[in-house]
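Please look over the sequence and the model before reading on.

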Amino acid sequence: MMEVSRYYTFGKKILINLITGGMGLVYIVVSSALMKFYTDVVGLTPAAYGVVFLIFSIWNGINDPILGYWADRRPFRPGKGKYAPLIRWAIPVIGVMMFSVFIASPGWNDIFTAVYLLVLLVAYEGFKALLDVSFTAFKINTFLSMKERTQVQVIGTYMSMIPVFLGGMIPVWFLTGEFSRFTIVAIFSGAVAFGLIIAGVGSRYVKEDPVFYEHMEMAQGGRDFVQLFLSLVRNKSFLIFISALILINTATGNYFVGYLYYMDNVLLVEGLKATVPDVLTGVAQMLTLPLIVMAVKKYGSKNVYATGMLIAVAGHAVLSLPINYWIAAATYIVILIGYGFSSALLSPLQGLVIDDIELKTGKRQPGTISGMMSVFMTIAASIQPLILSALLTAAGYAGSVKQQTPEVVRAIRLGTGIIPALILLTGILIFYTLPINHKRELEIQKAMESIHAVKQEETAPAE
C-alpha cells in the first residue's frame with residue numbers, strides 16, 4: 001500500500017499543482033481572450049457571441065454532474081488509479097479543442113462561425129469538466145485536513161501565478177494593440193501548448209491510495225443517486241454554500257473579460273501600460289496568501305473568506321466612477337487581493353462541505369458533488385459575459401474602433417463596477433450564514449481524519 005502522507009512531501013505537492021498552473025494558463029485564454037478575439041479579430045458580433053455563450057452555459061449545466069458521477073463510479077485500477085487516468089487523458093484532448101478554436105477566419109459568415117465555436121466549446125467543456133472534477137476529487141480524498149487542503153490550494157495559487165499572469169498579459173498586449181491575425185493566433189497557440197506541457201508533467205505525480213478507495217461508499221445506481229440528490233437538497237450547508245457561490249461566481253467568474261474592455265475602450269491604453277495592473281495584482285496576491293493561511297488557523301475559513309471578499313466589493317464599486325488610469329490600476333489591485341481569498345479558500349471550503357455531507361449520509365462522492373457544484377458555478381461565471389455583451393449591444397459597441405461613444409463607456413463601467421459589486425455583496429451576506437463556524441470546522445476535520453484513519457488501520461497489511 002502506498003503511504004500517501006509520506007509520498008506527498010512539500011515538493012510533490014508543488015509538482016501536482018503544475019496541473020493547476022498549466023491548465024490555469026489554458027483556461028484564462030478561453031475566459032479572458034475568446035470574446036474579444038472573436039468580436040474584434042474574427043468579426044463575430046457581440047450578440048452572436050452572447051448566444052453561443054448562453055447555449056454553452058446550458059451544456060455546462062448538464063455535463064458536470066454526469067461526468068462527476070461517472071468518474072466516481074469508475075473502479076480503482078491497480079497501477080493506474082481511479083481519477084489519475086482521467087486527468088491524464090483530458091489534458092491532450094483539451095489541447096486539440098483549443099488549437100482548433102483559433103483557426104476561425106474573418107471570411108466565415110456569422111452563423112457558421114458561431115456553430116463552429118459552439119461545437120468546439122462544448123467538446124472543450126466536457127473534457128475540462130472531467131479534468132476538474134477528477135482533480136478536485138483526488139485532492140479532497142488525498143488531503144483530509146483543512147490545514148493540508150489550504151496548504152495545497154495556496155501552493156496551487158502560487159504555482160498558477162506565473163502561467164496565469166502570462167495568460168492575462170498576452171490578451172491585454174495583443175488584443176489591445178495593432179497585430180496581425182496570424183501573430184495573435186501563433187501567440188495564443190504557443191501559450192496553450194506551454195500550459196498543456198506543464199500540466200502534463202504535473203499529472204505524472206498524481207498518486208492515489210488503493211486502500212482508501214476500497215472502503216469508500218458511494219451511490220451505485222439511479223436510486224442511490226436520487227437519494228443522494230435529495231439529501232443534498234435537505235442539507236442546509238450545501239444549499240447556503242451553493243446559493244452564495246452562484247452570486248459570488250456571477251460577479252467574479254470572468255472578470256478579465258471586462259478588464260480588457262475597460263483598458264482598451266474606457267482608459268484607451270494598450271500594450272505594456274495595460275499589463276501593469278495585472279503584474280502588480282500578482283505581486284499583491286503573493287504577499288497576501290501567507291496571511292490568509294495564518295488567519296484561517298485563528299479565525300476559521302468561513303470568516304476569513306467572507307471578510308476578504310468584501311475587499312473586492314469595494315474595488316468593483318470604484319470602477320463605476322469616472323476614474324483615471326492610475327486609480328483604475330490601484331483599484332484592480334484591490335479587487336484581485338479580494339479574489340485571492342477565493343483562490344486560497346474556495347476549494348478547501350468545498351471539501352469541507354463534502355465532508356459534512358459524508359458525515360450525514362454515509363456516502364462519499366467528491367466527483368459527483370463537485371460536479372453538481374460546478375454546474376451552478378460555471379453557469380454563474382458565464383452570466384457576467386452575457387451581462388456585458390447585452391450592455392455593449394444595447395449601447396452600440398463597435399469592435400472595429402478603439403474610442404467608443406460615451407454610452408458604451410458608461411455601459412463598460414456599469415458592467416465591471418456597480419453591477420458585480422452588488423451581486424458579490426449579496427453572495428457574501430448569504431455565505432456568512434453558512435452553519436459551519438470555526439468550532440464546527442475543527443469537529444468535522446477531526447471526525448473525517450478519525451473515520452478514514454480507522455478504515456486504513458483496519459485493512460493495512462501487517463508489517
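In which sense, left-handed or right-handed, does α11 pass α18? The crossing of α11 and α18 is left-handed, a term for a near helix turned anticlockwise from the far one by less than a right angle, with clockwise giving right-handed. The model is predicted, with local features requiring pLDDT of at least 70 and side-chain atom pairs pLDDT 80 or more, while totals for chains, interfaces and linings use all residues. Residues are numbered from 1 along each chain as its sequence is written, and side-chain values use heavy atoms, without hydrogens and water.

**Overall make-up**
- The protein has 19 helices and 0 strands, taken as DSSP runs (H or I, at least four residues, for helices; E, at least two, for strands) numbered from the N terminus.
- Of its 463 residues, 57% are buried, where buried means under 20% relative accessible area, exposed over 50% and partly exposed in between, with a 1.4 Å probe and protein chains only.
- Contact means heavy atoms within 4.5 Å; among contacts between residues at least 6 apart in sequence, 86% join residues at least 24 apart.

**Helices packed on α18**
- The axes of α11 (residues 236–252) and α18 come within 8 Å and cross at roughly 160°; axes are lines fitted to C-alpha atoms, for helices over the stretch in contact, and angles run from 0 to 180 degrees between N-to-C directions.
- α11 and α18 are therefore roughly antiparallel, the class for angles over 145 degrees; under 35 is roughly parallel, 65 to 115 roughly perpendicular and the rest oblique.
- Residues of α11 that meet α18 include Ile 240, Phe 241, Leu 247 and Ile 248, and those on the α18 side include Ile 423, Thr 426, Gly 427 and Ile 430.
- Helix α14 (residues 301–319) and α18 (residues 418–431) have axes that come within 8 Å and cross at roughly 165°.
- That angle makes α14 roughly antiparallel to α18, and their crossing is left-handed.
- In this pair, the residues of α14 include Lys 302, Tyr 305, Met 309 and His 316, which meet a set in α18 that includes Ile 418, Ala 421 and Leu 425.

**Helix spans and burial**
- The expected span of a helix is 1.5 Å times one less than its number of residues.
- Helix α8 (residues 181–203) has 23 residues and should span 33 Å, in agreement with the 33 Å between its end C-alpha atoms.
- Among the buried residues of α8 are Ile 184, Phe 188, Gly 195 and Leu 196.
- Helix α12 (residues 255–266) has 12 residues and reaches 15 Å between its first and last C-alpha, close to the expected 16 Å.
- Since 12 of the 12 residues of α12 are buried, the rest of the structure largely encloses this helix.
- After α12 comes Leu 268, with a positive phi near 60°.

**Nonpolar core**
- The largest nonpolar core has 130 residues, with Met 23 and Tyr 38 having the most contacts inside it; such a core is a set of buried Ala, Val, Leu, Ile, Met, Phe, Trp, Tyr and Cys residues joined through side-chain atoms within 4.5 Å.
- Helix α15 (residues 325–361) gives the most to this core, with 15 residues.
- Not counting residues up to four places away in sequence, Tyr 38 touches residues including Tyr 49, Val 101, Thr 113 and Leu 117.

**Partly exposed positions**
- Val 334 lies in α15 and is partly exposed, with a relative accessible area of 32%.
- Leaving aside neighbours within four places in sequence, Val 334 is in contact with Ile 311 and Gly 315.
- Leu 442 lies in helix α19 (residues 438–459) and is partly exposed at 45% relative accessibility.
- The C-alpha atoms of Leu 442 and Gly 300 are separated by 8.8 Å, although 142 residues apart along the chain.
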